[in-house]
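Subject: Structure for your attention

Dear colleague,

Please find below the structure that I am handing over to you. My findings follow it, and I would ask you to read them with the model open.

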Amino acid sequence: MDNMFEKLLKLPLFQGVSQEKISRLVEKIPFHFLKFSDGEKIISADEDCTHLKFVVSGSVKLVTSSKVVRVSLSQTLNSPAVIGPDFLFGRKTVYPYDVYAMGACGILQILKNDYMQILQSDKVFLFNILNFLARSSQGATFAFQAQSRGLVAERLATLVASLTWSDSSGIVLDFRQKDLGSLLGVRRTSLINALNDLKKKQIIDYGVGQITIKDRQEIMKILKSNEK
């Protein structure tokens with residue numbers, strides 16, 4: 001039991017809460033623990049976000065696909081992590097990505113109405129979700145501002161920044177050159193030159209139809225260097 005509480009206290013949106021508080025919540029509110037095997041789908045894109053879901057053990061892969069062009073981005077989240085709490089509220093409450101188990105993994109899910117009770121039980125929970133939502137919305141604004149600067153590397157970095165989380169890893173873009181160029185608003189030759197340059201700098205690995213981000217922090221430096 002103590003091990004379970006230790007896991008809960010490490011989860012995003014639960015940090016800063018006492019074990020005693022968590023213990024009382026578990027007694028009153030259903031915490032559903034689910035197990036998934038390797039490759040099993042946990043969430044489908046466009047599925048209604050009716051529960052708050054946490055990765056409590058193992059890892060999951062998120063795959064976001066464009067509905068207009070043949071470009072998709074995948075990323076890995078390792079436990080402890082929360083999956084898409086910014087889609088629990090708002091005008092459109094559906095997940096924008098497919099989520100798969102990477103190896104055996106454990107998921108904790110809490111019904112939205114039950115999570116609302118948790119938010120009302122302690123201000124720490126409320127501050128945690130507000131901070132998370134604020135970071136998400138601010139990131140989108142900064143991404144838009146960076147996109148307007150126009151360099152291909154910056155546009156690619158902006159795409160990664162807007163679709164991935166700061167603690168994600170294993171970021172891979174699958175694409176057709178024509179479609180990625182269209183998505184970024186650049187010519188194919190400019191795209192290829194930029195990818196070759198980023199590969200030379202060891203920021204990405206680049207092959208036919210696929211880009212692997214070797215280190216998210218490194219590609220984010222492209223945006224930060226232009227904020228000065």
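The axis of a helix, as the word is used here, is a line fitted to the C-alpha atoms over the stretch in contact, and the angle between two axes runs from 0 to 180 degrees between their N-to-C directions. Please bear in mind that this is a predicted model.

Helix packing

Two packed helices are described by the angle between their axes and the distance between the axes. Helix α6 (residues 177-184) packs against helix α7 (residues 188-200) at an angle of about 95°, and their axes are 9 Å apart. Angles of 65 to 115 degrees count as roughly perpendicular, and α6 and α7 are therefore roughly perpendicular to each other. On the α6 side, the contact is made by Gln-177, Lys-178, Leu-180, Gly-181 and Leu-184, and on the α7 side by Arg-188, Leu-191 and Ile-192. The residues of this contact of α6 with α7 comprise four nonpolar, two polar and two charged.

Within α6, the buried residues are Asp-179, Leu-180, Gly-181 and Leu-184. Gly-185 follows α6 and has a positive phi, near 75°.

Helix α7 also packs with helix α5 (residues 152-163), at an angle of about 75° and with the axes 9 Å apart. The helices α5 and α7 are therefore roughly perpendicular to each other. Here Val-152, Ala-153 and Leu-156 of α5 meet Ser-190, Leu-191, Ala-194, Leu-195 and Leu-198 of α7. The residues of the contact of α5 with α7 divide into seven nonpolar, one polar and no charged.

The two sides of α3

An α-helix has 3.6 residues a turn, so residues three or four places apart point the same way. Helix α3 (residues 112-121) has Asp-114, Tyr-115, Ile-118 and Leu-119 among its buried residues. These residues cover an arc of only 150° around the axis, which puts them on the same side of α3. Asn-113 and Gln-120, on the other side of α3, are exposed.

Aromatic pairs

A pair of aromatic rings is described by the distance of the centres and the angle of the planes. Six aromatic pairs are found in a search of the whole structure. In one of them, the ring centres of Phe-14 and Phe-31 are 6.3 Å apart and the planes are at 85°, so the pair is edge-to-face. This pair links distant parts of the chain, 17 residues apart: Phe-14 lies in the loop between α1 (2-10) and α2 (19-28), and Phe-31 in the loop between α2 and β1 (32-36). Phe-14 and Phe-31 are both buried.

Another edge-to-face pair is that of Phe-87 and Tyr-97, so classed because the ring centres are 6.1 Å apart and the planes are at 90°. Phe-87 and Tyr-97 are ten residues apart, and each lies in the loop between β5 (81-83) and β6 (98-111). Phe-87 has 22% relative accessibility and so counts as partly exposed, whereas Tyr-97, at 4%, counts as buried. Finally, Phe-14, Phe-31, Phe-54 and Phe-125 form one aromatic cluster.

The surroundings of Gly-58

Gly-58 belongs to strand β3 (residues 51-65). Its relative accessibility is 30%, so Gly-58 counts as partly exposed. Which residues is Gly-58 in contact with, leaving aside its neighbours within four places in sequence? They are Leu-77, Asn-78, Ser-79, Ala-104 and Cys-105. Leu-77 is 19 residues from Gly-58 along the chain, and the C-alpha atoms of the two are separated by 8.8 Å.

Backbone features

Most residues other than glycine have a negative phi, and most peptide bonds are trans. The peptide bond that joins Ser-79 and Pro-80 is cis, with omega about -5°. Pro-80 is in the loop between β4 (71-78) and β5.

Leu-13 is not a glycine, yet its phi is positive, about 80°. Leu-13 lies in the loop between α1 and α2, and at 4% relative accessibility it counts as buried. Asp-46 likewise has a positive phi, near 75°. Asp-46 is placed in the loop between β2 (41-43) and β3, and its relative accessibility of 41% means that Asp-46 counts as partly exposed.

With kind regards

Conventions:
Residues numbered from 1 in each chain as written. Predicted model: local features only at pLDDT ≥ 70, side-chain atom pairs only at ≥ 80, totals over all residues. Heavy atoms only, no water. Helix = DSSP H or I, 4+ residues; strand = E, 2+ residues; numbered from the N terminus. Parallel < 35°, antiparallel > 145°, perpendicular 65-115°, else oblique. Contact = heavy atoms within 4.5 Å. Nonpolar A, V, L, I, M, F, W, Y, C, P; charged D, E, K, R; others polar. Phe/Tyr/Trp six-rings, centres within 6.5 Å; stacked < 30°, edge-to-face > 60°. Buried < 20%, exposed > 50% of the residue type's maximum accessible area, 1.4 Å probe, protein only. Arc of directions from axis to C-beta.
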